[in-house]
Structures are given as C-alpha cells and as structure tokens.
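Then I went through a few single residues. My entries follow.

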Amino acid sequence: MSNTPDLDAMPKVMGDDGQFHATDDEVDLSGTPIEAWVALAFFWTLGLTVFYQFFTRYVMNNSASWTEEIARYLLIAAVFTGASIGVAKNNHIQVDFFYRFMPNWLSSGMGKVVDVMRVAFFASATYLTWQMMEKLGSYKMTIIDLPMNLVYGVVLAGFASMCLRSIWVARVHWQRGYTVLQRPESEMTDR
C-alpha cells in the first residue's frame with residue numbers, strides 16, 4: 001500500500017476563478033532560541049560583507065581588502081552560534097543503532113554517560129578557549145586593527161552556550177527517563 005496522499009482529497013488551492021487561494025499558517029517565532037537570532041544576525045552580516053566584496057571587486061574593480069578576513073570570521077561566528085542551536089535541538093550526529101539491541105537498563109546508563117561526556121567536552125572546550133584567549137593577549141587581526149580575541153570571544157560564547165544547552169538537554173533526558181538515543185523518534189519537546 002502506498003503512503004502517497006490522495007491529491008483530490010486535499011484542499012483546493014486554485015479556485016474556479018483561476019486564482020490561487022492559499023492561506024498560510026500563522027508564523028510563531030516565540031519558541032525561537034536566542035542563539036538563532038544571534039546566528040541570523042551573523043549570517044546577514046556575512047551576506048552583506050560578501051555582497052560588498054563582490055560589488056567592490058567586480059563592479060568598482062577595486063576590491064576592499066578587509067572583506068575577505070571579516071567574512072571568514074563572520075562565518076566562524078555563524079557556525080559556532082549555530083552549533084549551539086544543534087545542541088539545544090539535540091540533533092547533532094549520533095549513532096543509535098546499538099541502543100535498539102541493548103537492555104533498557106544498559107541503554108539508559110549509556111545515555112546518561114553520553115550526556116555527562118557531552119557536558120564535560122563543552123565545558124573543557126570553553127575552558128581551553130579561555131586559556132587560548134589569555135595567551136593571545138593583544139594579538140591583532142591581519143588586515144583590520146582589531147584584537148583577535150573578538151573572534152575567539154565569539155567561539156568562547158558558542159562553546160559556553162553549547163555547554164549550558166547540553167546541561168539543559170541532560171536534565172530533560174533525566175527527567176523524562178529516556179534519551180533520544182533510546183528513542184530516536186522523540187524530540188526535545190516531548191515530556
């Protein structure tokens with residue numbers, strides 16, 4: 001039996017007058033985490049920087065030298081901020097194959113170990129980034145006369161956010177009694 005929907009049973013989009021009469025659902029952004037707004041700001045700033053680079057290089061034939069470096073740093077900022085969203089949604093790459101064949105007590109224990117290891121990894125990455133920032137001191141960017149610690153500060157904030165989000169994910173897992181590794185079909189909103 002096929003899982004394809006019956007097109008005739010679906011609501012009509014085009015009316016008898018030949019015009020489209022589609023209505024969209026109301027957009028609800030209330031559940032959007034703060035990291036998503038920050039990542040969106042970094043992404044749009046990156047897009048504008050790359051557009052300015054393209055414009056100065058191909059239209060004005062006089063490329064702005066700072067755009068290449070700043071675009072690279074904005075991409076780093078967008079990635080580390082976006083990675084925090086992945087932790088919050090608990091949808092980073094994970095292998096759940098073996099959890100299907102383990103006894104429940106073992107998979108539950110392994111899930112808790114994974115949660116603790118995730119928190120420990122992000123906490124240590126946050127600490128190591130802090131140490132790197134201290135060692136860099138007043139080191140400047142190559143072209144722009146700004147401190148490199150601005151870039152590493154965003155990386156530090158990303159790791160710290162991932163650490164806090166992983167603590168939150170572990171807490172949710174422990175409260176509901178199972179992890180996404182045990183039940184891959186579950187989501188973080190399931191309680």
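I take axes as lines fitted to C-alpha atoms, for helices over the stretch in contact, with angles from 0 to 180 degrees between N-to-C directions. Helices are DSSP runs (H or I, at least four residues), as strands are (E, at least two), numbered from the N terminus. This is a predicted model, where local features need pLDDT of at least 70, side-chain atom pairs count only at pLDDT 80 or more, and totals for chains, interfaces and linings use all residues. Residues are numbered from 1 along each chain as its sequence is written, and side-chain values use heavy atoms, with hydrogens and water left out.

**Entry 1: α3 and α4.** I started with helix α3, residues 104–136. Its axis lies 9 Å from that of α4, and the two pack at an angle of about 165°. That makes the pair roughly antiparallel (over 145 degrees; under 35 is roughly parallel, 65 to 115 roughly perpendicular, the rest oblique). The crossing of α3 and α4 is left-handed, meaning that the near helix is turned anticlockwise from the far one by less than a right angle (clockwise would be right-handed). I sorted the contact by class: 20 nonpolar, six polar and three charged residues. Here Ala, Val, Leu, Ile, Met, Phe, Trp, Tyr, Cys and Pro count as nonpolar, Asp, Glu, Lys and Arg as charged, and the others, Gly among them, as polar.

**Entry 2: two residues of these helices.** I picked cysteine 163 in α4. Is cysteine 163 buried or exposed? It is buried, at 12% relative accessible area (buried is under 20%, exposed over 50%, partly exposed in between; 1.4 Å probe, protein chains only). Leaving out residues up to four places away in sequence, cysteine 163 touches Val119, Phe122, Ala123 and Thr126; contact means heavy atoms within 4.5 Å. I also took its C-alpha distance to phenylalanine 121: 8.0 Å, across 42 residues of sequence. Methionine 132 sits in α3. At 40% relative accessibility, methionine 132 is partly exposed.

**Entry 3: α2 and its partners.** Next I looked at α2 (residues 66–89) against α4 (residues 149–176). Their axes come within 8 Å and cross at roughly 5°. So α2 runs roughly parallel to α4. The contact includes Tyr73, Ile76 and Phe80 of α2, and Phe159, Met162 and Trp168 of α4. Its residues are 14 nonpolar, five polar and one charged. With α1, the axis of α2 is 8 Å apart and the angle is about 160°. That makes α1 roughly antiparallel to α2. This crossing is left-handed. The α1 and α2 contact has 15 nonpolar, seven polar and three charged residues.

Entry 4: Where is asparagine 61? It lies in the loop between α1 (34–59) and α2. Most residues other than glycine have a negative phi. Asparagine 61 is exposed, with 69% relative accessible area. Threonine 56, in helix α1, is buried at 3%. Setting aside neighbours within four places in sequence, threonine 56 contacts Asn61, Asn62, Ser63 and Ala64. A polar atom of the threonine 56 side chain lies 3.2 Å from the backbone nitrogen of alanine 64.

Definitions and conventions:
Polar contact = N/O pair within 3.5 Å; in protein donor to acceptor, adjacent residues only side chain to side chain.
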